[in-house]
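The points cover helix packing and aromatic rings.

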Amino acid sequence: MSSDDLKKQAAARALELVTPGMQLGLGTGSTAKHFVDLLGARVAEGLDVLCVSTSEVTEAQARALSIPMSTLDATPELDLTIDGADEVDRELRLIKGGGAALLREKIVAAASARMVVIADDTKLVERLGRFPLPIEIVPFGMEATRRAVLAAMAGAGAAGDLVLRRKADGSVLVTDGGHWILDAHLGEIAEPESLSTALAAIPGVVEHGLFIGLADAAILAGAAGLTVLGRLD
């Protein structure tokens with residue numbers, strides 16, 4: 001079974017959590033895309049939901065499927081957000097932001113009563129950090145911010161390289177919010193909470209990809225079937 005098939009399985013299980021009248025947050029990424037596709041099919045059959053997207057890409061996908069969409073200004077409290085993750089550990093701490101949507105993803109997750117992660121089981125790790133940690137920054141004063149991020153990393157015992165994310169053509173990647181991303185190649189993060197706090201205190205950092213205390217459950221699909229971390233109800 002392919003990785004894509006496993007992602008579809010996790011998305012299909014998450015769809016079972018959706019009930020009529022729900023206000024949903026729609027995530028970004030390859031697994032979340034499957035969920036949006038499946039949700040669109042249910043909406044076509046008459047399911048009544050109202051959704052908020054975490055990125056312009058997801059917004060376009062949902063609207064193409066005629067899924068009713070809103071904004072967090074009009075719908076500031078959500079029942080459930082379904083989103084993917086680049087890494088998840090057994091304490092439901094996440095690294096997100098591989099798709100450059102981490103800021104909106106975190107805002108939507110924080111506005112939700114519940115957040116459920118969907119992924120294939122290769123995303124489960126014993127310790128976060130194998131996937132580069134995205135750090136969204138304002139372009140102004142990037143070098144000063146970069147140095148502050150390096151100091152914060154060292155203080156949290158997480159040394160590594162910082163790389164400005166670029167597109168395939170070599171130009172700097174710009175997020176939906178107009179920011180840049182520094183990817184921290186750490187290998188492992190011994191103290192995610194400490195690093196999260198230190199990064200959040202840097203003025204030039206808009207947000208970072210450590211999602212701590214936001215996910216309530218994770219549905220992980222593997223060759224042996226589905227594994228659930230946390231509680232789905």
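1. The model is predicted. Helix α1 spans residues 3-15 and helix α2 spans residues 30-44; their axes come within 8 Å and cross at roughly 50°. Because of that angle, α1 is oblique to α2.

2. Which residues make the contact of α1 and α2? From α1 come Asp4, Lys7, Lys8, Ala11, Ala12, Ala14 and Leu15. From α2 come Ser30, Thr31, His34, Phe35, Leu38, Leu39 and Arg42. Sorted by class, the contact of α1 with α2 has 7 nonpolar, 3 polar and 4 charged residues.

3. Helix α2 also packs against helix α3, which covers residues 56-64. The angle is about 20°, and the axes are 9 Å apart. Angles under 35 degrees count as roughly parallel, so α2 is roughly parallel to α3. The crossing in which α2 passes α3 is right-handed.

4. On the α2 side of this pair, Lys33, Val36 and Asp37 meet Thr58, Gln61 and Ala62 of α3. The classes in the contact of α2 with α3 are 2 nonpolar, 2 polar and 2 charged residues.

5. Another pair is formed by helix α5 (residues 142-155) and helix α6 (residues 192-200). Their axes come within 9 Å and cross at roughly 155°. Since angles over 145 degrees count as roughly antiparallel, α5 is therefore roughly antiparallel to α6. The crossing of α5 and α6 is right-handed.

6. What classes of residue make up the contact of α5 with α6? It divides into 6 nonpolar residues, with no polar and no charged ones. Val149, Ala152 and Met153 are the residues from α5, and Leu195, Ala198 and Leu199 are those from α6.

7. On aromatic rings, how many aromatic pairs does the structure hold? The number is 0.

8. The ring of phenylalanine 211 does have charged groups over it. Lysine 106 places its charged end over this ring, 4.9 Å from the centre. Lysine 96 lies over the face of phenylalanine 211 as well, at 5.7 Å from the ring centre.

9. To recap the helix pairs: α1 is oblique to α2, α2 is roughly parallel to α3, and α5 is roughly antiparallel to α6. For the rings, phenylalanine 211 has lysine 96 over its face and the charged end of lysine 106 over its ring.

Notes:
Residues numbered from 1 in each chain as written. Predicted model: local features only at pLDDT ≥ 70, side-chain atom pairs only at ≥ 80, totals over all residues. Heavy atoms only, no water. Phe/Tyr/Trp six-rings, centres within 6.5 Å; stacked < 30°, edge-to-face > 60°. Lys NZ or Arg CZ within 6 Å of the ring centre and 35° of its normal. Axes fitted to C-alpha atoms, helices over the stretch in contact; angles between N-to-C directions. Helix = DSSP H or I, 4+ residues; strand = E, 2+ residues; numbered from the N terminus. Parallel < 35°, antiparallel > 145°, perpendicular 65-115°, else oblique. Contact = heavy atoms within 4.5 Å. Nonpolar A, V, L, I, M, F, W, Y, C, P; charged D, E, K, R; others polar. Left-handed = near helix turned anticlockwise from the far one by under 90°.
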